Amino acid sequence: MGVRFYADSWLTTSAGVGLLRALENAGYRWEDFVEGNTIELDEEAFEKLPEIYSQYLLKDLSLERFREILEKRKEKFNLYNAVVYEKINDFFSNSPLTNPSGTKKVGEAFNTLLEREGDIQQLFSEGKKLIAEFIREKFSEILNYQESEKVCYFCRERHAYIKKGKVKVLDATNFTPLAASLDTVENFFWEGRSNMYLCPECEIFLYFSAFGFHRTPARTYLFVYLPDLENTKRMNDLLRAETDLRSFMNRTIVEASKILAGRKADWILRNIYIVEIEKVGDAQSNIYTLSITPRLASAIKENIDKYPQVFNNLFEVFLEYVYSGRSLYDFIYKILSGFFYKQRFKRLKSKGRDAHLIKKGMGFKEFLPPKLTYFIKFQEVLEMEDKEKVSKQVNWAYSEGLNLKNTYEQSMGKEKANRKIEGISYRLLDAIRRRDTDAFQQNLIRAYLEAEREIPYVFVEALKDGSFNRIAYAFLIGLNGRSKEEVE
Ligand SMILES: [Zn+2]
């Protein structure tokens with residue numbers, strides 16, 4: 001009997017895809033090892049895993065690249081770290097494969113060689129050999145620990161091992177991003193268990209997960225998960241050419257629709273999600289799981305082309321909101337907070353996505369772009385509101401806000417009007433935050449009175465019938481907008 005691995009969560013499936021890719025890279029027909037969501041390696045293939053692993057690690061290392069690395073080397077040069085870290089260190093920092101106290105040895109061995117050997121070709125092949133030997137040594141160390149009584153959480157057939165007197169469990173060394181954000185992913189495979197015992201074979205298997213993920217230029221990592229290993233591999237292979245989350249996402253939807261067209265049930269589409277890992281610190285990451293519901297897929301397909309350019313740098317955040325089911329009104333609220341409370345957020349240091357939104361708002365100096373209303377419309381479409389009705393209401397409320405601003409400017413001059421509007425905006429935003437329709441309405445009436453205008457009746461009606469958010473936000477954006485003439 002061979003060694004079996006199970007792909008039944010996004011984590012183990014990413015390892016599965018990584019392992020299949022590595023097998024393929026080593027010249028195997030990967031399909032031969034797959035049955036359903038199980039990968040079974042015969043003894044011979046399992047024996048070769050360290051070579052298969054290092055071959056995949058080294059596959060992009062050309063002689064030219066090698067020469068470049070040598071030329072750029074600094075004092076404490078470590079060939080292993082220079083070549084291997086960029087591939088796996090974000091995933092398994094401090095693992096046996098990356099721990100600097102362990103890799104030091106390979107680095108030194110190569111440096112000794114470097115002093116003696118002048119032939120680059122020779123150095124190239126010796127360097128690769130050293131890296132491969134190190135991987136073999138580490139895998140074999142893992143496999144030779146003493147076995148415990150505990151059954152492995154991942155395969156439920158082999159036993160976890162004992163290391164330094166403790167039964168081995170999945171931890172930050174085996175998949176670093178997870179350890180930093182257990183809350184985020186708890187529901188996906190944690191299943192309430194606190195002890196995820198890990199056997200040597202499954203540990204090695206998990207070290208392939210880095211090969212399943214797709215690294216974007218922004219150094220985020222993407223993986224599409226389908227509850228089906230072969231399709232997951234094919235899908236992720238197709239997506240390797242996509243450069244950012246947006247194109248990745250669009251392509252996923254297109255490919256998922258194709259898979260869907262071939263099958264009658266839509267369960268597969270409902271169970272597809274994109275796992276995105278965003279590194280925010282040396283050993284800290286955020287994990288986002290974005291699920292694709294049919295409703296969301298169609299909203300995206302219909303409206304994504306109109307996504308406003310001025311918010312391009314918030315696209316990932318936008319997707320994270322809609323795919324995780326967070327309301328885009330919170331998204332808008334954060335932008336508005338940044339815009340209105342520039343002083344308060346001046347020292348904002350935190351990274352991560354909500355901080356992006358606040359900073360974006362702070363970046364708008366004098367007025368808010370009308371395109372901000374795109375997010376209102378998108379949210380309403382997601383909530384299955386009538387697209388045309390929404391669009392009409394939003395545009396109307398927006399221009400009402402803008403009109404009121406113009407009235408103020410005409411009657412009291414620009415500077416005074418600005419201060420006035422600022423005060424009104426604070427109060428309105430606060431009312432929105434508290435979802436206090438009455439307070440919003442009273443402030444609105446006051447604002448209109450001061451401008452010696454009557455509050456449009458439609459307003460009063462609209463605020464009553466569950467359209468509060470869309471009317472209130474659109475009005476506030478208009479009130480802080482800028483008329484067309486000024487823009488041109
Ligand atoms: Zn296991």
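Two strands are said to pair if DSSP finds at least two bridges between them. Helices (H or I, at least four residues) and strands (E, at least two) are DSSP runs, numbered from the N terminus. The model is predicted: local features need pLDDT of at least 70, side-chain atom pairs count only at pLDDT 80 or more, and totals for chains, interfaces and linings use all residues. Residue numbers start from 1 along each chain as its sequence is written.

**View 1. An open sheet of three strands.** The strand order is β1-β3-β2, and the pairing is antiparallel. The edge strands, each pairing on one side only, are β1 (3–6) and β2 (34–35). Two bridges join β2 to β3 (residues 38–41) in the antiparallel sense. Val 34 has Ile 39 of β3 as its bridge partner.

**View 2. An open sheet of four strands.** Here the order is β7-β8-β9-β10, again with antiparallel pairing. The edges are held by β7 (214–215) and β10 (285–291); each has a single partner strand, so one side of each is left without a neighbour in the sheet. Between β7 and β8 (residues 220–225) there are two bridges in the antiparallel sense. His 214 stands opposite Leu 222 in β8.

**View 3. The contact between domain 1 and domain 2.** The domain assignment, whose bounds come from an automatic or database source, gives domain 1 (3–206), domain 2 (214–304) and domain 3 (327–487). Domain 1 brings 20 residues to the contact and domain 2 brings 17 residues; two residues are in contact if their C-beta atoms, placed from the backbone, lie within 7 Å. On the side of domain 1 that touches domain 2, the elements giving two or more residues are α1 (10–25), α8 (176–180) and α9 (182–190). The largest share of this side, six residues, comes from α1. The residues of this side of domain 1 comprise eleven nonpolar, eight polar and one charged, where Ala, Val, Leu, Ile, Met, Phe, Trp, Tyr, Cys and Pro count as nonpolar, Asp, Glu, Lys and Arg as charged, and the others, Gly among them, as polar.

View 4. pLDDT is the predictor's confidence in each residue, from 0 to 100. Where pLDDT is low, the predicted coordinates should not be read in detail. For the chain, the mean pLDDT is 88, and 93% of the residues reach 70 or more.

**View 5. Lys 334 and its surroundings.** Lys 334 lies in helix α17 (residues 328–340). Lys 334 counts as buried because 20 C-beta neighbours lie inside 10 Å; a residue is buried with 20 or more other C-beta atoms within 10 Å of its own, exposed with 12 or fewer, and partly exposed in between, the C-beta atoms being placed from the backbone. Not counting residues up to four places away in sequence, Lys 334 touches Asp 354, Leu 357, Ile 358 and Gly 361. His 356 is 22 residues from Lys 334 in sequence, with 9.1 Å between their C-alpha atoms.

**View 6. Leu 476 in the largest nonpolar core.** This core has 121 residues, and those with the most contacts inside it are Ile 332, Ala 474 and Leu 476. A nonpolar core is a set of buried Ala, Val, Leu, Ile, Met, Phe, Trp, Tyr and Cys residues joined through C-beta atoms within 7 Å. Apart from neighbours within four places in sequence, Leu 476 is in contact with Leu 336, Gly 401, Ser 425, Leu 428 and Leu 429.
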